[in-house]
Amino acid sequence: MTAEGKTAGQSLPISVRNVVKAYGPLRALDDMSIDVRAGEFMTLLGPSGSGKTTLLMALAGFVSPESGSIRFGGQEMVTVPPHKRGVGMVFQSYALFPFMSVEENVAYPLKIRRVSAADQKARVEAALELVQLGGYGGRRVHQLSGGQMQRVALARAMVFEPRIILMDEPLSALDKKLREQMQIELKALHRKLDATIVYVTHDQREALTMSDRIAVINQGRIAQLDTPEALYRRPKSLFVADFIGESVVLPVVLHDGAATLNGCKLKTTSSFGSAEGPYHLVIRPELLELSPDSSDGLMNDLSGEVREVIYQGDSALVLVRVGVDQEISLRVPASRAGSASIPDIAQRISLGLHAEDTIIVPETAL
């Protein structure tokens, strides 16, 4: 079985081992190794310049590494040219042919593979139906919206039934509402396909929404590879914790196997052993509790004075001063019930963070 219970068939696993790609003194990929399961939706996530797009281009064959191995289903691909790798590719710019109709654009991969005209027609129609563009075959590219052009690019990438599909920030040019709609559609589409998808984005919310697993990349290396929930709730380093999700970071001190903040021992499910070096408390604003119930003895007291209240539509962001120069934030829903509990500026409030939500991470991954 593969991701989300699909049966492995046409889809292929990907294995990258010790790949190095340098541009002068800069190592865009620094001894990179990663495994993608057959049928999985894997997202490569990281800031600009982290190496995520370089890795995708190496998988596609547009970038040649100096050393290392790239295997699709056990077959070495480093020396195989892009057009012989059998992968579908969706670019950020869509890369559609403006002089062709929608049908001709989608049929192009079949045409260069010398598929019969009758088979081309049937497969193009099926691909357009799959991306909800049935009946659009005769239109020109300039007659389409951004979301429709993206669907055409997807149909073209899928029409020859590739075992691997690579996507390079395909939704970045869309507005927020359409981008979120397309994220859901892509996730649903993946369930229907028997293909391994590797997807590049710098948008952490997009990655959390769509992925089976996420590889967080920093400076040409994997900082953490995990499920969306594990990355969010159990980050392994300060970089991952700060990059994934909204957070406030405060330095803590380790002493006798416990972490302390402002001299107070923190209750947490994290373990440190004989760890040394800088550690940090990562606070997710939505996990803080106003007027917490501390009856189970597992609540950390982070009470303080309200410095600012910022209305943001679906919620209010409340900034709270908890120390001489420390500030944390919490989110209060802007619903009818939640609005009643939004505090006033300068009000002293009681705040709690449960031990299970108390995330303490090292500055660098161990």
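1. Start with Arg233. Arg233 has a relative accessibility of 34%, so this residue counts as partly exposed. The model is predicted. Keep that in mind for every value below.

2. Arg233 has a charged partner. Arg233 and Asp357 form a salt bridge, with 3.0 Å between their closest N and O atoms. Arg233 belongs to helix 7 (residues 228–233), while Asp357 sits in the loop between strand 21 (351–354) and strand 22 (359–362), so the pair ties together parts 124 residues apart in sequence. What is the relative accessible area of Asp357? The value is 14%. Buried means under 20%, so Asp357 is buried.

3. How many salt bridges does a search of the whole structure find? The search gives 14. Take Asp119 and Arg123 first. Their side chains meet in a salt bridge at 3.5 Å, N to O. Both residues lie in helix 3 (residues 117–130). They are 4 residues apart, about one turn of that helix. Asp119 has 31% relative accessibility and counts as partly exposed. Arg123 is also partly exposed, at 21%.

4. Helix 5 (residues 176–192) holds another such pair, Lys176 and Glu180. Here too the spacing is 4 residues, about one turn of the helix. The N to O distance in the salt bridge between Lys176 and Glu180 is 2.8 Å. Which class does each residue fall into? Lys176 counts as exposed, at 55%. Glu180 is partly exposed, at 32%. The cut-off for exposed is over 50%, so Lys176 passes.

5. Salt bridges also form a network. Arg27, Asp30 and Arg221 are linked this way. Arg27 belongs to strand 2 and stands opposite Ala22. Arg221 opens the residue range of strand 10 (221–226).

6. Asp31 deserves a separate look. This residue is found in strand 2 (residues 26–36). Asp31 is partly exposed, with a relative accessible area of 34%. What does Asp31 touch, leaving out residues up to four places away in sequence? The list is Asn18, Val19, Val20 and Arg221. With Asn18, the side chains make a polar contact at 3.1 Å. Asp31 and Ile222 are 191 residues apart along the chain, yet their C-alpha atoms are separated by 9.7 Å.

7. Strand 2 pairs with strand 1 (residues 14–23) over 7 bridges.

8. Another open sheet has 6 strands, in the order 6-7-8-3-9-10. Its pairing is mixed. The edge strands are strand 6 (87–90) and strand 10, and each pairs on one side only. On average, neighbouring strands in this sheet are turned by 20 degrees against each other, direction ignored. Parallel or antiparallel: how do strand 6 and strand 7 run? They run parallel, and 4 bridges join them. Met89 has Leu166 of strand 7 as its bridge partner.

9. Helix 1 packs on this 6-stranded sheet. The helix touches strand 3 (41–45), strand 6, strand 7, strand 8 (196–201) and strand 9 (213–218). Its direction makes about 145 degrees with that of strand 7.

10. Is helix 1 mostly covered or mostly open? Helix 1 (residues 52–60) is mostly covered, with 8 of its 9 residues buried. The buried residues include Lys52, Thr54 and Leu55. Leu56, Met57, Ala58, Leu59 and Ala60 are buried as well. Just after the helix comes Gly61, with a positive phi of about 100 degrees.

Methods:
Residues are numbered from 1 along each chain as its sequence is written. This is a predicted model: local features need pLDDT of at least 70, side-chain atom pairs count only at pLDDT 80 or more; totals for chains, interfaces and linings use all residues. Side-chain values use heavy atoms; hydrogens and water are left out. A salt bridge is a side-chain nitrogen of Lys or Arg within 4 Å of a carboxyl oxygen of Asp or Glu. Helices (H or I, at least four residues) and strands (E, at least two) are DSSP runs, numbered from the N terminus. Buried means under 20% relative accessible area, exposed over 50%, partly exposed in between (1.4 Å probe, protein chains only). Contact means heavy atoms within 4.5 Å. A polar contact is a pair of N or O atoms within 3.5 Å; within protein, one must be able to donate a hydrogen and the other to accept it, and residues adjacent in sequence count only if both atoms are side-chain atoms. Two strands pair if DSSP finds at least two bridges between them. Axes are lines fitted to C-alpha atoms, for helices over the stretch in contact, and angles run from 0 to 180 degrees between N-to-C directions.
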